[in-house]
Amino acid sequence: MSQRIPITVRVNGVTYQREVEPRLLLSDFIRHDLGLTGTHVGCEHGVCGACTILFDGQPVRSCLLFAVQADGHNILTIEGLAPDPDHLHPIQEAFHDAHALQCGFCTPGFVMTLKPFLEENPDPSDEEIREAISGNLCRCTGYDHIVDAVHLAADKMKEASS
Amino acid sequence: MSTRYIGKRMKRNEDPRLLTGRALFTDDVHLPGMLHVAFLRSDYAHGRIKGIDTSFAREIPGVVAIYTAEDLGDYWRPGPLLVPPPPVEGRVFHARTQVPLARDKVRHVGEPIVMVVAESRYIAEDAVEQIFVDIEPLPAVTDLEQALAPDAPLIHEDLDSNLAAHIIQQKGDYAEAVEKADVVIRRRFYYDHGVAAAMENRGIVAWWDGKAERLTMWDTTQAPVVIRNGIAAMLGLSESQVRVIAPFIGGAFGPKIMMFYPEEVLLPWAAMQLNRPLKWIEDRRENFMSTTHERDQIHWAEIALTKDGKILGVKDEFIHDSGAYDPYGLTVPINSQCTLLGSYDIPNYYSDMKVVFTNKMIVTPYRGAGRQHGVFVMERLLDLAARELGMDVTEIRRKNYIPPDKFPYNNEIIYQDFAPLVYDSGNYEPLLDKVLALIEYEKFIKEEQPKLRAEGRYVGIGVVSYVEGTGIGPYEGARVQVETTGKVNVATGVGTQGQGHFTSFVQVVAEHLGVDPKDIYLVTGDTDIFHWGTGTFASRGMVVAGNAINSAAERVKRKILQMASQELEAPVEDLVLEGGFVRDQRHPESFVALKDLAVKANPLRGAVKADAEPGLESTAYFGPERGATAFGTHAMIVEVDPETFDVKILRYVAGHDCGVMVNPLIVDGQVRGGVAQGIGNAFYEKIVYDDQGQLLTASFMDYLVPTSMEVPHIELVHTETPSPLNPLGVKGVGEAGAIPVAPLFVQAVENALAPLAELEITEAPISPNRLFELVQEARQKV
């Protein structure tokens, strides 16, 4: 178990070179080795979606990958989403405006799931939104306010790009 | 009263931190030299421990320590009884509380037996795999009724039976009610409430700083002050040597107020033994096995009515499952016993509850905390009575509502706070009317349903009512201080788990002090900042802590006005607080900044009066004489697929009254989130143990938490009937939405399937499988 494998991973635009055990989960690598604790772990078996990150632009569950699998790949976590410390990403803004979070533990996973969804689908219907977030569990909100936030985020993103 | 901040739909102050990944949760705490903990837990529901062999595990590099019950020495002792039984005459109650690590015997699957400390969690789990525990299995007690059979195996062998408690409460004379009754209906009901399944599992970080001689503990608890006091006592430390921080918590819903979990007792002790910081983070499987549940009750209930549908009395005998231990006393079953009475004027009530030990995880409150069980029984009895009497389900409720002129209404029994169950205020019919109007009840029954039925569709409607006892004592406290920076800091002892305290509490302070909410800094759940309080439970944060904050802010305002009156040479009545200044309304050019007053209130020279508190600061406490009773009526339209028995919710209307709403946006979120959990409870979620006491639902693959596909859009209506029991006029709202969903769901499903079968659903949850079976049974009967 003490065997260590060198990896190079780009996370939020920063390149990290580390040596890791082959069995180290990507979620633990991000949270505990890199200290990016905004990615949360809710179930460790790929159901709740709280640990969702973008892996080369695609949403994936970081609890279902090993850190070594990220070697040579590009990762975005919730810490890297906002353009700068004083501004939020439109999805983050919309979640704030629509009260789409309560305890906030699942929220980073929802936000990361929604970024590529809204980029591909700038004008989604309620049904499409509900389907898009159906792999993320939220125990606090009942989802209604999240659906509202996604519509709002879609509007904000369209405004920003027009 | 016109308000500036109270009643506004303010966006939440805590959101930016949570949305950018900067909020600190327990698992985010990282300390130099930190070690990691894993537990070996019992695979057996019931058995004797014959031996534990840790020798192989100790050889693994990176393993630092391994502890069994024996290694704890005098520190090993059963946990405290948190809530004593209520003072009801003739009560029986046997306290048997959980232990830190099982010794001699295990009593439920998941009970911790060995604690491993290692350099990483990975190594700690490797070591757990290499520990061998020899357990002689004993027959398990899993069934509530069989738990009391004369030949049932004894879970606590020093007791004569598995009976944990027996309480009878009554009002009036039920026997007399039966004599006068035209109709008496009796049924057996089964109600099973699931688990909280907060998205964040439990976790603890404990750090003993040997140089400062202080213990710091980050804990996913709803009650940091109580944890601090308890841990200090157990470890022989002064309370001031222990700091407990409940940081951001990823949902709690009740089980995080269970005290003390074995891990909470063990981590700080071992951190002191090893002089290294320790972290334990529960995984999801452990959460299902070892975080408290709520689970089931069996009721035999009876209702006596006149032929025109007036309730004369209700009788109920029920059994409640406590699990292997009963540290939380009788809070859950007492809530069931009391909340059963609901929104109705019931002159005679007889309720007999028995609590039994079983070889399952401990039961403590989970959002609703037993209220659901009682509401299910009462609402079902009314539905059955309406059917028997040929009445509309809304009419029988309307007829029996407590009328507005009967408040305060005394139910003459004792509630979970040991105060008489007296409803403070209520006005039920206007809310029912609003709900019926929004869902277009008449139109649905008369026009839409017949039309859809003619098309072969199985659609149905349901309407139920409930009350929620909220905001019980004993007390909470708060400190409010205007700093010399002009900013205001506020501290309270309750922890926060997503309720929006950083916003709603701040609104209360801003209301009095006229300061921009962005300039108010709130700390909750850090015992070094505020060390009095009980915790966040029973929908009491806004009622109890909110009113303490209100009172502290009022006192600070009085201080400000007195000082400003001297400073501006103007009478207090002429002064207003606005934008961080006190201004003389008659002479707008005459004003003083709060920050300058704060400097003057804390002078470096001269004399402050002997009895005066320095600074613009005040601490206040609030303890209500009894809880405030919120209420609601929900309605639902469903469609059932006659092939698969899948149920689709077409419309959901939640009508709720929690008195004055400090932040209606947050109230909306609380009600909707509650309804979503209620939908899970009604249709999807069930903790399943087999007859050996093995837990079969220990992952999110087996225990189905509703997703965005199962929870529909929830339409809301509110009324505001203020509570006379606190200055803000508020009632709690946290649990409300979750309470009435199961009886509503089954009523609507029965209505939808009426053309197919005359169903009588007396249990919840109801899965599509179970619904199919019930329809088959009902059709065979015909």
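# Exercises on a predicted two-chain model

The domain assignment of chain B gives domain 1 (369–381 + 393–470 + 627–781) and domain 2 (473–622). These bounds come from an automatic or database domain assignment. The model is predicted: local features need pLDDT of at least 70, side-chain atom pairs count only at pLDDT 80 or more, and totals for chains, interfaces and linings use all residues. Residues are numbered from 1 along each chain as its sequence is written, with chains lettered from A and ligands numbered from 1 in the order in which they are written.

**Exercise 1. Describe how domain 1 and domain 2 of chain B meet.**

Step 1. Take the spacing. The C-alpha centres of the two domains of chain B are 40 Å apart.

Step 2. Count the contacts. Domain 1 of chain B brings 16 residues and domain 2 brings 15. Two residues are in contact if their C-beta atoms, placed from the backbone, lie within 7 Å.

Step 3. Sort the domain 1 side of chain B. It has 7 nonpolar, 5 polar and 4 charged residues. Here Ala, Val, Leu, Ile, Met, Phe, Trp, Tyr, Cys and Pro count as nonpolar, Asp, Glu, Lys and Arg as charged, and the others, Gly among them, as polar.

**Exercise 2. Which elements of chain A give two or more residues to the side that touches chain B?**

Step 1. Start with the totals. Chain A and chain B each put 40 residues into the contact.

Step 2. Name the elements. They are α2 (90–97), α3 (107–120) and α5 (144–161) of chain A. Helices (H or I, at least four residues) and strands (E, at least two) are DSSP runs, numbered from the N terminus.

Step 3. α2(A) gives the largest share, 4 residues.

Step 4. Sort the chain A side. It divides into 17 nonpolar, 16 polar and 7 charged residues.

**Exercise 3. Which residues touch the most other members of the largest nonpolar core?**

Step 1. Define the core. It is a set of buried Ala, Val, Leu, Ile, Met, Phe, Trp, Tyr and Cys residues joined through C-beta atoms within 7 Å. A residue is buried if 20 or more other C-beta atoms lie within 10 Å of its own, exposed if 12 or fewer, and partly exposed in between; C-beta atoms are placed from the backbone.

Step 2. Read off the residues. The core holds 300 residues, and B:V116, B:V509, B:I549 and B:V749 touch the most other members.

Step 3. Find the main contributor. Helix α15 (residues 541–568) of chain B supplies the largest share, 11 residues.

Step 4. Look around B:I549. Beyond its neighbours within four places in sequence, its contacts include B:V480, B:F505 and B:V509.
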